[in-house]
Amino acid sequence: MKIVSYLENNAATLGFVIDNLVYPSKVISQTLPNSFQELLDQGDTGMREAETAIQRFVTSEHPGKGRTLEEVQLLAPLPKPPSFRDAYAFRQHVETSRFNRGLEMIPEFDQFPVFYFSNHQAIQGPGPVYCQPQHFDRMDFELEVAIIIGKKGKNISVQEADDHIAGFMILNDLSARRLQMEEMKLNLGPAKGKDFASMFGPYFVSREELKGYLTEPMPGHTGAAYNLQMSCFVNDVLVSTGNLNSMNWTFAEIIERVSYGVTLYPGDIIGSGTVGTGCFLELNGTGKRMDPTYQEQWLQPGDTVRMEVTALGVLENTVLLDPETTEKPTKS
């Protein structure tokens, strides 16, 4: 099951993607809600009813025509999540980034999965993303996959955690690296360097739909892992490739850590963290370590970032300078 939210008559509308066409929920069935959050709040029952309604719709001589993803104004699949956490699950990204700065691998990485809270009110979908001049001082993409929690729970064990996942989306977590590095010198953050735009989409894919991609987790780890190829292009140039199966910490292990003493709710989002080579910060550091004359690359106003993940689709965004700003851009 693939789910989208899109703008219809200036309001967010729940839609389902069937054979690459978008159909409004109310066309599928009048009993379905008109927002993804409402559907998630119905739990497993709601998701099963949606799947049944889609099956009936597909086998019926349904009236009307669906629209392509390009014909609708897509929002993030879940435009207003209750919360958004981002993890740090790929050892390659962490280890390489530290090595590039002359630091040894931090041993605590292997002791527990770490995460931070990001801004759940700065969620965007495909399309233009307007940013402030200081954001463009070493602006970076981050190639990630995110989950949406589908079932309420607290102190969730790793053995039960996968059952709390409703499904998956591509995540591009934009980062303003200068702001981030300055604030983290004070041993807090990341916060201001990452609170302005996190893009998800183009659609949500249910966990059931990814069963064919299941694989073994990393040795010593527990939970579902998925063989999903991940790629990022900037202005149609391939800059990053990886695979979701290289997550050292599984989403199940992250959920166990996150839910310790804390209740997770339907609609809560958790990101995987950056896949190895999945951002300019890591790529630039490696490039300069190998060649002192290497020219760093950062996102500039007008750049288009396209992320592709097996079974999760294509998320494309163009980063632009906010036309209402009075600041002058800072050149990266």
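The model is predicted, with local features needing pLDDT of at least 70 and side-chain atom pairs counting only at pLDDT 80 or more, while totals for chains, interfaces and linings use all residues. Numbering starts from 1 along each chain as its sequence is written, and side-chain values use heavy atoms, with hydrogens and water left out.

**Overall fold**

The protein has eight helices and 23 strands; these are DSSP runs numbered from the N terminus, with helices being H or I of at least four residues and strands E of at least two. Its radius of gyration is 20 Å, close to the 20 Å that the globule rule gives for 332 residues, so the protein is as compact as a globular protein of that length. That radius is taken over C-alpha atoms, and the rule is 2.2 Å times the number of residues to the power 0.38. Along the principal axes, the C-alpha trace spans about 65 × 50 × 30 Å.

Of the 332 residues, 52% count as buried (buried is under 20% relative accessible area, exposed over 50%, partly exposed in between, with a 1.4 Å probe and protein chains only). As for contacts (heavy atoms within 4.5 Å), 73% of those between residues at least 6 apart in sequence join residues at least 24 apart.

**Cores**

The largest nonpolar core has 64 residues. Such a core is a set of buried Ala, Val, Leu, Ile, Met, Phe, Trp, Tyr and Cys residues joined through side-chain atoms within 4.5 Å. Among the residues with the most contacts inside this core are Phe 141, Phe 168, Leu 174 and Leu 299. Helix H7 (residues 251-258) supplies the largest share of the core, five residues.

**Helices H4 and H8**

In helix H4 (residues 91-100), the buried residues are His 93, Val 94, Thr 96, Ser 97, Arg 98 and Asn 100. They pack against helix H8 (280-290). Gly 102 follows H4 and has a positive phi, near 75°. On the H8 side, Phe 280, Glu 282, Asn 284, Gly 285 and Gly 287 are buried. Their cover includes H4 along with strands S10 (139-140), S18 (229-234) and S19 (237-243).

Most residues other than glycine have a negative phi, and most peptide bonds are trans. Here are some spots that go the other way.

| Spot | Backbone value | Location |
|---|---|---|
| Gly 189 and Pro 190 | cis peptide bond, omega about 10° | Pro 190 in the loop between helix H6 (177-184) and strand S15 (198-206) |
| Gly 201 and Pro 202 | cis peptide bond, omega about 0° | Pro 202 in strand S15 |
| Asn 155 | positive phi of about 50° | loop between strand S12 (153-154) and helix H5 (158-161) |

As for the two asparagines, Asn 155 counts as partly exposed at 48% relative accessibility, whereas Asn 187 is exposed, with a relative accessible area of 71%.
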